[in-house]
Amino acid sequence: YHKVGEKIMLDKTLNITINKVQRNWVPSKEMYAPALAGKEYIVMSITMINDGKYPASINAGDFYLMDSGKKKYPEGGAPMRHNRFLHQLITSHDKILKNLAFVVPAGKTNLKLVYKRDNAKNKTIKVYIVDL
């Protein structure tokens with residue numbers, strides 16, 4: 001596993017850095033309600049860099065949190081619009097700074113951020129990124 005702030009290779013040309021993790025994130029009260037009772041929002045600021053010759057397509061759905069019992073919490077559900085990462089085409093030698101957002105049981109520990117996708121050859125790429 002990697003640490004917050006560490007550059008992590010997702011595949012041959014795409015890398016990610018988790019810049020910051022914010023647990024118990026609270027949205028603007030004018031726009032959104034706080035998390036439901038027994039739940040919390042986790043927001044992660046990420047930087048992604050495409051070091052390849054070709055554009056790279058990546059989706060927020062390629063990321064999820066997983067607890068020690070292997071239960072998955074998909075990206076999404078937190079009411080966030082500002083700089084939210086959904087689907088992104090990252091051009092060659094470009095970088096983006098976006099946010100991932102998750103809803104998990106309040107106080108849940110032993111969470112891991114996982115990146116998983118199938119490449120063109122249907123080979124699953126799975127990277128355990130960071131422990132929370």
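**Strands, cover and core**

Guide: Strand 2 and strand 3 are joined by nine bridges and run antiparallel. This is a predicted model, in which local features need pLDDT of at least 70 and side-chain atom pairs count only at pLDDT 80 or more, while totals for chains, interfaces and linings use all residues. Residues are numbered from 1 along each chain as its sequence is written, and side-chain values use heavy atoms, with hydrogens and water left out.

Visitor: What makes strand 2 and strand 3 a pair?

Guide: Two strands pair if DSSP finds at least two bridges between them. Strand 2 and strand 3 have nine bridges, so they pair by that definition. Within this pairing, Gln22 stands opposite Val43 in strand 3.

Visitor: How do you know which stretches are strands and which are helices?

Guide: Both are DSSP runs, numbered from the N terminus: helices are H or I with at least four residues, and strands are E with at least two. By that rule the protein chain has ten strands and zero helices. From the N terminus on, the elements read β-β-β-β-β-β-β-β-β-β.

Visitor: Which strands form the open sheet, and in what order?

Guide: The open sheet has four strands in the order 1-2-3-8, with antiparallel pairing. The twist from one strand to the next averages 30°. That angle is taken between axes, which are lines fitted to C-alpha atoms, for helices over the stretch in contact; angles run from 0 to 180 degrees between N-to-C directions.

Visitor: Why do strand 1 and strand 8 count as edges of the sheet?

Guide: Strand 1 (7-9) and strand 8 each have a single partner strand, so one side of each is left without a neighbour in the sheet. The partner of strand 8 is shown by twelve bridges that join strand 3 to strand 8, running antiparallel. Met44 stands opposite Leu100 in strand 8, and Thr47 stands opposite Leu97 in strand 8.

Visitor: Why is Ile18 called buried?

Guide: Buried means under 20% relative accessible area, exposed means over 50%, and partly exposed is in between, with a 1.4 Å probe and protein chains only. Ile18 has a relative accessible area of 0%, so Ile18 is buried. Ile18 lies in strand 2, and its C-alpha atom is separated by 9.5 Å from that of Asn99, 81 residues apart along the chain.

Visitor: What is the relative accessible area of Asn15, and what does its side chain make a polar contact with?

Guide: Asn15, also found in strand 2, has a relative accessible area of 0% and is therefore buried. A polar contact is a pair of N or O atoms within 3.5 Å; within protein, one must be able to donate a hydrogen and the other to accept it, and residues adjacent in sequence count only if both atoms are side-chain atoms. The side chains of Asn15 and Asp51 make such a contact at 3.0 Å.

Visitor: What makes a group of residues a nonpolar core?

Guide: A nonpolar core is a set of buried Ala, Val, Leu, Ile, Met, Phe, Trp, Tyr and Cys residues joined through side-chain atoms within 4.5 Å. The largest such core has 24 residues, and those with the most contacts inside it include Met44, Ile58 and Phe85. Among the elements that give two or more residues to this core are strand 3 (39-50) and strand 8 (94-105). Apart from it lies another core, of five residues, among them Trp25 and Tyr41.

Visitor: Which residues does Ile58 touch?

Guide: Contact means heavy atoms within 4.5 Å. Not counting residues up to four places away in sequence, Ile58 touches residues including Leu10, Met48, Phe63 and Tyr115.
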